[in-house]
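I opened this notebook to keep track of what I looked up, and in what order.

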Amino acid sequence: MSELWPVPERVTNGAVTPINSLAAWREHWLRAANDPNGFWLDVARDLIVWQQEPQQGLVGDYTTVQDQPFAWFADGRLNITESCIDRHLAERPDDIAILWEGDEPTDTRAISFRELHRDVCKLANALTHHGIQKGDRVIIYMGMVAEAAIAMLACARVGAVHSVVFGGFSSEALRDRVRDCNAELVITQDEGLRGGRRIPLKETVDRALLGEAGVRRVIMYERTGAEVGMVEGRDISWADAVDGMAEQCTPVVCDAEDPLYILYTSGSTGKPKGLVHTCGGYITYTAYTHRTVFDLRPGDIYACVADVGWVTGHSYIVYGPLANGATTFMFESTPVYPDAGRYWDMVERHKINIFYTAPTAIRTLAAESDELVTRYDRSSLRVLGTVGEPINPEAWVWYREVVGEERCTIVDTWWQTETGGICISPIAPATPTKPGSATLPMPGIMPLLVDSDGHEQHGPTSGHLCIAHPWPGQARTVWGDHARYVATYFSTYPGRYFTGDGCRRDADGYYWITGRVDDVINVSGHRMGTAEFESAILVLDEVAECAVVGFPHPVKGQGVYAFVVMQPGAQPGEALEKRMQDALRQQIGAHARADRYQFIPGLPKTRSGKVMRRIMRKVVEGRSDELGDVSTLADPTVVDAIVAGFRGI
């Protein structure tokens, strides 16, 4: 689909962002490109509270990064919690900062900025009491409770570096992260709740810390009241830790380039990469992109239904929204509990204006009856967002037409853990959209497409997506291994940041993310993104989900293997496979066909909804014995079904 969808009047009327038209976007983008230092210094001073305002913009660049990290606002000093909490106390202390909904729809909390300040200060004082100082590392291993955000902010208050580990990770994965950053304290909870199930978080922490002498203290929040083991001399309940602590805590002043947090990304091989985000640049970029992309307005109820274990939760549940004084929504459960109408029930009850979720969730819900959407009042919605992977056009259209009733715009955001915040995206009131396209770059983001030899490609083209110039929110290094950071992101195309993604740019200058470069299939010299195949197959009504991977082919170089999840009641067969081949030919071209289809009960996904294509790739490459730990998947049994159903190529 390449047609332009205009921004609905409901979205343009009353816009508060200065970028309220394509002309305004062009003006801001050109200013940021021509004077990045001046542009970002103005943004930093306008949006962020500083103890010492910065006078320096960028120091260093992509050519000097091999020697040391580049820096933004290096002479500035701040504590980011003053931007997220303290400044809101003067004029609106009783406004809601965090609106939380638990696993059960009836379990809700509303935490004001005054209450958030009190709780953050009490925990910050507890951390100090237990020996945590500026620069120390703290692991946070929790579910989606408000206390996870409080823990992040308490670490930032005292200058400690937090590393949030997603609550679905195994004890081995948690141990790896504890060791890599030399954490001294872990904050967890007794159990998590998700979809009616109990998740033994404290038990996992105990297994991870067996024999680990470096962690001196574990603070445990009591979510369910379950009986859990407490190690004498190490473990303390959250309630006991904060009991008697003062409700005021002077924020520790940090340099702009001091680390704020470490967030680990998993590779298919080797130890996890601990990406480091720093205080001043990160909070500037997340506040700016959150306010601009979503056109945040006074009184908005903003809901990002990700998990704080991932960068989306860091940037667009906690730091960006709170810096902007928004009411940010935290959600503990799943989109299908107690049924697949849960999201829209929440929209009706909480009058949510901005809703931000993953394409995987959208496809899951689109496979259900539309009546589960339409039974709820969604008239409060204005902006619908997607994040995490390219969204296929059919799901995009369903999201806009069924969920948004043509009154909302969709901001299909492209960014990464490494980027810190949104990089390519529609700006809600300004950008006409195209189903499946991330559209245009944010001010300060200068994308370029290169071929495999590093030659820049101009005009409508396809290639590897690079970015030409640093921006404040970009990760600075890999914790303890700067050489790995340089090798991963700056060695393939020296002088440029290589995102690892393939991308297409159309005649309107709109960008279409085609997936990871290692998810690009080269069939007889034709380079095609797996996302293109998946979007074409998903056109068929019988198909609920699919994932496509390449495999070695003796003639074509690579073949195409499609894993397909059927809609309830639909039956696989030769006739359906022929229709899928016809759809590939029609949507992509005569050169596009799948060599093999395998029908499976579900895709292997993490609990955040990310499809683990590397697992399927290893299966079709005959390496089923190298799948590694699959216990962190939402449903590990689907891997057994994939392996059992694989018949060879």
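**Entry 1: the second largest pocket**

I began with the elements around the second largest pocket and noted that α3 gives the largest share of its lining, 5 residues. I keep in mind throughout that this is a predicted model. The lining of this pocket counts 28 residues, and those nearest its centre are Pro18, Asp46, Leu47, Arg291 and Thr292. Two or more lining residues come from each of α2 (22-34), α3 (36-47) and α10 (279-293). I then sorted the lining by class and found 12 nonpolar, 7 polar and 9 charged residues, around a space of about 560 Å³.

**Entry 2: an open sheet**

Next I traced an open sheet of 5 strands, which run in the order β22-β21-β23-β25-β26 with antiparallel pairing. At its edges I found β22 (456-457) and β26 (511-516), each with a single partner strand, so one side of each has no neighbour in the sheet. Inside this order I followed β23 (residues 461-467) and β25 (residues 497-505), which pair in the antiparallel sense over 6 bridges, and I saw that Thr461 stands opposite Arg505 in β25.

**Entry 3: the cysteines**

Finally I searched for disulfides and counted 0. Cys155 is in none, as the nearest cysteine sulfur, that of Cys181, is 11 Å away; Cys155 is also buried, with a relative accessible area of 0%. For Cys249, the closest cysteine sulfur belongs to Cys121 at 5.3 Å, which is too far for a bond, since a disulfide needs the sulfur atoms within 2.5 Å. Cys249 is likewise buried, at a relative accessible area of 10%.

Note on methods. Residues numbered from 1 in each chain as written. Predicted model: local features only at pLDDT ≥ 70, side-chain atom pairs only at ≥ 80, totals over all residues. Heavy atoms only, no water. 1 Å grid on protein atoms, 1.4 Å probe; cavity = no way out; pocket = protein on both sides within 12 Å on 5 of 7 lines; lining within 4 Å. Points joined across faces, edges and corners; volume = space filled by probe spheres on them. Helix = DSSP H or I, 4+ residues; strand = E, 2+ residues; numbered from the N terminus. Nonpolar A, V, L, I, M, F, W, Y, C, P; charged D, E, K, R; others polar. Pairing = 2+ DSSP bridges. Buried < 20%, exposed > 50% of the residue type's maximum accessible area, 1.4 Å probe, protein only.
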